[in-house]
Amino acid sequence: MEEKKQKFKLKMDIEAMWDYSYELIDEISRLITELPESNLISSNKFIDIFNKLEKAKSLWMKVDSFEQQIYEFRAGIFSSKVRTKIAEIKNTYKNDIFDSTLYETASLKLNFQELQADYENISELSEILNVLKNEIHHAKLYRKIKDYMDAEWHAGYDYDNIMTSLTEAKDKWIDISELEMLVMWE
């Protein structure tokens, strides 16, 4: 009789765990579908999802597809933010009045570090961040050359300094053909 009770209890425990597993998967799925409402790379929603994923893993559930969806979502937001920043710089760096706060990338670097801490291979995100760095470098060089050309006595920069900066940029594989033309016309 005691053995029957234990088997029944075990069966009930397994059924309860099975039901809980389905509820947990449904909850994770619902939280993931709500993510597009947020434009944040890290938030309390992610913490909640990660906690639920860890719980699901402890119940020996396969959650790889959920983890991949979350990564793709976070990577997509990050890429979008970086591309937006690149477009803003490209569209405004030649303007007479330029807002140098466009060079600020602290929040993007922080987002990148968070992604780097959570995921092993994020080389494609690293590459897009490098494109942003190169674009910022290009814009700063353009402003430097324009300041040099517009200053009455070339105050602040000298020709050698500008040429050194152009060589350094070329060594970083930054396209500076436009900048070289500006200097040559000087």
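Contact here means heavy atoms within 4.5 Å. By that criterion, Arg74, Phe78, Lys81, Val82 and Lys85 in helix 3 meet Leu108, Asn111, Phe112, Glu114, Leu115 and Asp118 in helix 4. The model is predicted. The secondary structure of its chain consists of 7 helices and 0 strands, in the order α-α-α-α-α-α-α from the N terminus.

**Chain overview**

- The chain has 186 residues, and 34% of them count as buried.
- Taking contacts between residues at least 6 apart in sequence, 69% join residues at least 24 apart.

**Helix 2 with helix 3**

- The axes of helix 2 and helix 3 are 11 Å apart, and the two helices pack at an angle of about 160 degrees.
- Because angles over 145 degrees count as roughly antiparallel, helix 2 is roughly antiparallel to helix 3.
- The crossing of helix 2 past helix 3 is left-handed.
- On the helix 2 side the contact involves Phe46, Ile49, Phe50, Leu53 and Lys57, and on the helix 3 side Phe66, Glu67, Ile70, Phe73 and Arg74.
- By class, the residues of this contact divide into 7 nonpolar, no polar and 3 charged.

**Phe46**

- Phe46 is placed in helix 2, which covers residues 44–58, and is among the residues of helix 2 that meet helix 3.
- With a relative accessible area of 2%, Phe46 is buried, since the cut-off for buried is under 20%.
- Phe46 and Ile32 are separated by 14 residues in sequence, and their C-alpha atoms are 8.8 Å apart in space.

**Helix 3 with helix 4**

- Helix 3 spans residues 64–92 and helix 4 spans residues 106–118; their axes come within 11 Å and cross at roughly 155 degrees.
- That angle makes helix 3 roughly antiparallel to helix 4.
- Helix 3 and helix 4 cross in a left-handed sense.
- The contact of helix 3 with helix 4 has 5 nonpolar, 1 polar and 5 charged residues.
- Arg74 of helix 3 is listed in the contact with helix 4 and also in the contact with helix 2.

**Ser79**

- Ser79 is found in helix 3.
- Its relative accessibility is 12%, so Ser79 counts as buried.
- Ser79 and Leu108 are 29 residues apart in sequence, with 9.8 Å between their C-alpha atoms.
- Leu108 belongs to helix 4 and is one of the residues there that meet helix 3.
- Apart from neighbours within four places in sequence, Ser79 is in contact with Leu125 and Ile128.

**Helix 5 with helix 6**

- Helix 5 runs over residues 123–150 and helix 6 over residues 159–171; their axes come within 11 Å and cross at roughly 165 degrees.
- Helix 5 is therefore roughly antiparallel to helix 6.
- Helix 5 and helix 6 form a left-handed crossing.

**Arg143**

- Arg143 has its place in helix 5.
- Arg143 counts as buried because its relative accessibility is 17%, where buried means under 20%.
- A polar atom of the Arg143 side chain lies 2.7 Å from the backbone oxygen of Asn95.
- Leaving aside neighbours within four places in sequence, the contacts of Arg143 are Tyr93, Lys94, Asn95, Asp96, Phe98 and Tyr103.

Key:
Residues are numbered from 1 along each chain as its sequence is written. This is a predicted model: local features need pLDDT of at least 70, side-chain atom pairs count only at pLDDT 80 or more; totals for chains, interfaces and linings use all residues. Side-chain values use heavy atoms; hydrogens and water are left out. Axes are lines fitted to C-alpha atoms, for helices over the stretch in contact, and angles run from 0 to 180 degrees between N-to-C directions. Helices (H or I, at least four residues) and strands (E, at least two) are DSSP runs, numbered from the N terminus. Angles under 35 degrees count as roughly parallel, over 145 as roughly antiparallel, 65 to 115 as roughly perpendicular and the rest as oblique. A crossing is left-handed if the near helix is turned anticlockwise from the far one by less than a right angle, and right-handed if clockwise. Buried means under 20% relative accessible area, exposed over 50%, partly exposed in between (1.4 Å probe, protein chains only). A polar contact is a pair of N or O atoms within 3.5 Å; within protein, one must be able to donate a hydrogen and the other to accept it, and residues adjacent in sequence count only if both atoms are side-chain atoms. Ala, Val, Leu, Ile, Met, Phe, Trp, Tyr, Cys and Pro count as nonpolar, Asp, Glu, Lys and Arg as charged, and the others, Gly among them, as polar.
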